[in-house]
Amino acid sequence: LIVVLIVQLGFGEQGAGLIDPSSEAIIGSILWGVVLCSPHAALGLGLAATSTNLSKDVSNYPPFWAVCMIMGAESILYLVATYRVDRQALISLQPGRGDIVPQEE
C-alpha cells in the first residue's frame with residue numbers, strides 16, 4: 001500500500017486516481033511500513049503502544065503483539081546475518097605440526 005501511495009502522490013495533489021485513502025489509512029500504512037523496515041521504530045512504536053492508546057486515533061495502528069513478533073523476527077534475521085559476516089571475517093586455524101619446542105631457560 002505504501003508503494004501505491006507513493007505512486008499516487010507522484011502524480012500531483014489529485015493523484016493518479018488509483019485509490020482514495022483516508023488520512024487514517026495513510027498514517028496507518030506509514031506506521032506499518034516503518035515497523036517493518038526499522039527495528040528502532042518498531043521498538044519505539046511498541047513502547048508507545050504500551051504507554052498510550054494511539055489506536056483510538058489511527059484505526060489500523062500496528063497492535064503490540066504484531067510489533068513484538070516483527071521485532072523478534074528482525075532480531076533473529078540480524079543475528080544470523082551478523083554471525084555469517086563474522087564467520088567470513090575469521091581465518092580458520094591450521095592444525096599444528098608439533099614442531100614447536102618449548103624453550104628452556
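Me: Helices are DSSP runs of H or I with at least four residues, strands are DSSP runs of E with at least two, and both get numbered from the N terminus. With that settled, how many helices and strands does the protein have?

Reply: Heads-up, this is a predicted model: local features need pLDDT of at least 70, side-chain atom pairs count only at pLDDT 80 or more, and totals for chains, interfaces and linings use all residues. Residues are numbered from 1 along each chain as its sequence is written, and side-chain values use heavy atoms, with hydrogens and water left out. Reading along the sequence, you get the pattern α-α-α-α. So the DSSP runs come to four helices and zero strands.

Me: What share of the protein is buried?

Reply: Buried means under 20% relative accessible area, exposed means over 50%, and partly exposed is in between (1.4 Å probe, protein chains only). The protein has 105 residues, and the buried share of them is 19%.

Me: Are the buried residues of α3 on the same side or on opposite sides of the helix?

Reply: The buried residues of α3 are Ala41, Ala42, Leu45, Gly46 and Ala48. Around the axis they cover an arc of only 160 degrees (taken from the directions from the helix axis to the C-beta atoms), which means they sit on the same side.

Me: And which exposed residues are on the face of α3 turned away from that buried side?

Reply: The buried residues of α3 pack against α2 and α4. Turned away from them is a face with the exposed residues His40, Leu47, Thr50 and Ser51.

Me: How far does α4 reach from its first C-alpha to its last?

Reply: The expected span of a helix is 1.5 Å times one less than its number of residues. For α4, with 26 residues, 38 Å is expected, and the reach is close to that, at 37 Å.

Me: Which side chain of opposite charge is nearest to Glu74?

Reply: Glu74 sits in helix α4 (residues 64-89), and the buried residues there are Ala66, Val67, Ile70 and Glu74. Lys and Arg count as positive and Asp and Glu as negative, while His and the chain ends are not counted. Glu74 has no salt bridge, meaning a side-chain nitrogen of Lys or Arg within 4 Å of a carboxyl oxygen of Asp or Glu. The nearest side chain of opposite charge is 18 Å away, and it is Arg84.

Me: Which residues does Ala42 touch, not counting those up to four places away in sequence?

Reply: Contact means heavy atoms within 4.5 Å. Leaving aside neighbours within four places in sequence, Glu74 has Ala42 among its contacts, along with Val35, Leu36, Cys37, Ser38 and Pro39. Ala42, in turn, touches Val35, Val67, Met71 and Glu74.
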